[in-house]
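Please keep the sequence and the model at hand while reading.

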Amino acid sequence: MAAEFGEPVVEVRDLVTRFGAQRVHDRIDLTVHRGEILAIVGGSGSGKSTLLREILLLLRPTSGTIRLFGRDVDGFSEAELLALRRRTGVLFQRDALFSSMTVLANVGVPLREHTALADKVVDRIAAMKIAMVGLEPEAGAKLPSQLSGGMRKRAALARALALDPELLFLDEPTSGLDPPSARELDELVVGLRDSLGLTVVMVTHDPDSLWRAADRVAMLGEGRLVGEGPVDELQRSEHPLVRAFFATTHRGDAAGAAWSPK
Amino acid sequence: MNRPRETLGTKGNAQGGGAPDVRLVPGRDAVECVGDWTVDRLAGLQGRLDALPWPSAQEIVVDGSGVRAMDTAGAFFLCRTVGGLEKRGIRVSVQGLRPELERLLALIRNPALSGAEPVPVPRPGYLERIGRETWARVEEGVGLLAFVGEIFLTLTRWLRHPARIRGRIFLHEVQMAGSNALPIIGLLSFLLGVVIAYQGGAQLQYYGANIFIADLVGFAMLRELAPLMTAIIVAGRTGSAFTAQIGTMQVNEEIDALRTMGLAPMDVLVVPRLLALILTLPLLTVYADAMGVFGGMVMAKLQLGIGFGVFLTRFESAVTLPSYLLGIVKAPVFAGIVAVVGCYQGFRVSGGTDSVGRQTTMSVVQSIFLIIVVDAAFSVVFSWLGV
C-alpha cells in the first residue's frame, strides 16, 4: 500500500499516553506517507483527538517518539518548530476561527504572519483560498458568527490551507455538516490532495468519509491500533471493535442504516 | 534538486538563489519564469511583474521550464499576470511547466479562483453610523428597563411560590461574591484607612488637632469610602464574572438549553445572583468599615501617638449612628446596579467569543460609572434632608 506514496511524513512509534491512572494510548505505531489521506477512526474517547494533538505538538505524550518530515520532534529548536508549523495546516473540530475578525482576515492571518507580502496581495490570495473551498466571495467580508456551521468549516479549511501546507490535519471535518456538504468537503480534500500533493491526516466519525476520502484507515480502540488498512480491507477484519464499528455501516447508506428500525 | 516528484515545492530548504523571477527571452516574444514560486518567496515578485517591459507582440510565450517549485499562491500570481495580458488582447501560451505544476495551474486558472477579489466589508456612512449608534443606545436602555421589569416579575412570582427559590445557587453566589472577596476587600480597606490617616494626620498635626483623626477616618470611611470602594471592587470582581459566565453560556447555547428544559434563566441565573449580592454587599461594607477604621487607628498610633483606646473613645462620640447607617443604606443599591448591569450585559453577548470580552468591559465600566453617579445623587439627597 505504502509503495504508491512517498516517504513517511508522520511517524509515531511506541506512543504511550496516560492521564493519571487512565491509559489513553498503549504503544501505538502509525506512519503516514506523503500524498496519502489517512483517516484515524475509533469510538468516542478512544484517544483519536489526543493522538492528533500529540502529532501537532500541542500535547506531550507520556513516552514514545513522533517524527515529522523525518525528524524527531523532541530535537526541534524553537525556530525549527516555527518552520515546521508553517508546513502544517490544521482544521480544528470547532473551526477555531478568530471571532473578532472577518473570514478574509482570518484566512490572511498566517499569510501576514509568515510572508512579506503586501496587504493587498494577502487579501487577494485569501480571497482565492475562500473561492477554493467553495465559499462565495461575499462570505469573506462576514464575521464567523454570521456564517452557518458548514460555511465556517470551509472558512477554517481555507485558513488551514493559507500557506499551502504539505501536511494537513483535519479534526472531524464533516461533523455537523449535512450529507451533501460533507460529501463536498470530502471531495474538496481529495481534490486538493490530487492537485497540490497534500498529505492529509483526518480524525473522523463519519463512515462515509472513509469510503470517499481515505486511502488508509487506522482504527483506535482500547488504547491500541486495532486495525489498519484500506477501508474495504479493514471492513473484513475479525477484530470485534472493528466489526462493531462497521456493523451498521454499508457503503452509501451509513447514516440511514444506523437509525432505521430493524 | 533531488526532490520527490510528489512535492510541488518543499518550503524551507530553498535557501539561496531560486527567488521567483520573470525575464525577457532575448530575440523572442517570450518571457521566462524561474525560481520558487512559493508563497514565502513571492513578496518582491509583484513589483518585478509590473516593471517588466512586456513584449508588444500579439502572442507571447511564457516559458515555465525554469520554475523549480510552485504553490497555489505562485500559480495565482502567474494566472493573474496571464489574465492581465489576455485582457489587453494578447494571446498567451504557458509552456514548459512540469506536468504536476501544469495541473496546479489549470486548477487555479478556473476563473472563480484566479479572478477572486476580496469583497470589502461594507462601511456605513457617517450619518448611518450616528443613527445606528444612537439607536443602539436607545435599544440598550429600553432593554435594561425591560430586564429590570422582568426581574421584579420573577421576584413577585418567587414571593407567591417560595418553592421556586433556588436556595443552593443563592448560597453558592453568596460564597463566591461574599466570603471569597473578604481578603481583597479587607486588605484594600485597611490600606485606604492607612492612607487617609496618614494624609489627614500630617495636616491635623500642623494645627495640633491630633485627636480629630478619629473624626476624619470615621466619617470618610463610614459615609463614603468604604461603601464606594467595596462596590467598585465587587463590580470589578463579581459583576465582571456575572457577565463572563452568562455570556459564555450564551455563546455555548447553554441559555437556550435551560429554556428548552423549562428552566427560566431569570430564576436560575439572574435573581439568585441579584439577591446574593444585595445580601453580601452591605455585609462586605460593614467589614470594610471596620478594616478601614482599623487601618486609620494603626496609623494614628504610629504617626500621631494616639492609642487605640483614646481613638475609640473619640470615635464613639464623634461618629454618630446615622453616619454609619447612611453608608450601609447605599450598599444594597450599589449591589442592585452591579448585579443587574452584570447579568444584563451577559445576556447581550451575541455571536462569538470576542463579544464576551466586549460586554464584560462594558459591564464593569457601566457599573462603576453608575455607582459613582448614584453615590453623588445620594450625597445631594442627604444634604437636602440635612443628614
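Helices, of at least four residues, and strands, of at least two, are DSSP runs that are numbered from the N terminus. With that convention, Leu97(A) falls in the loop between strand 6 (88-91) and helix 3 (103-114) of chain A. The model discussed here is a predicted one.

Leaving out residues up to four places away in sequence, Leu97(A) touches Asn106(A), Pro144(A), Arg152(A), Ala155(A) and Ala156(A). A buried residue of chain B, Pro227(B), has 29 C-beta neighbours inside 10 Å, and it lies in helix 8 (residues 213-251) of that chain.

| Pair | Separation in sequence | C-alpha to C-alpha distance |
|---|---|---|
| Leu97(A) and Val107(A) | 10 residues | 9.0 Å |
| Pro227(B) and Leu326(B) | 99 residues | 9.7 Å |

Turning to chain B as a whole, the domain assignment gives domain 1 (21-114) and domain 2 (164-385), and the centres of these two domains, taken over C-alpha atoms, are separated by 68 Å.

Chain B also carries an open sheet of 4 strands in the order 1-2-3-4, with mixed pairing. Its edges are formed by strand 1 (21-25) and strand 4 (91-95), each of which pairs on one side only, and neighbouring strands are turned against each other by 25° on average, with direction ignored. Strands of a sheet pair through backbone hydrogen bonds, in either a parallel or an antiparallel manner. Strand 3 (residues 59-70) of chain B pairs with strand 4 of chain B in the parallel sense, over 5 bridges, and Val62(B) stands opposite Val94(B) in strand 4 of chain B.

Which elements of chain B give two or more residues to the side that touches chain A? In the contact between the chains, 32 residues of chain B meet 39 residues of chain A. The elements in question are helix 2 (72-87), helix 3 (99-109) and helix 4 (111-114) of chain B, and helix 3 of chain B gives the most, with 4 residues. By class, this side of chain B has 17 nonpolar, 7 polar and 8 charged residues.

Note on methods
Residues numbered from 1 in each chain as written. Chains lettered and ligands numbered in written order. Predicted model: local features only at pLDDT ≥ 70, side-chain atom pairs only at ≥ 80, totals over all residues. Domains from an automatic or database assignment. Contact = placed C-beta atoms within 7 Å. Nonpolar A, V, L, I, M, F, W, Y, C, P; charged D, E, K, R; others polar. Pairing = 2+ DSSP bridges. Axes fitted to C-alpha atoms, helices over the stretch in contact; angles between N-to-C directions. Buried ≥ 20, exposed ≤ 12 C-beta atoms within 10 Å, placed from the backbone.
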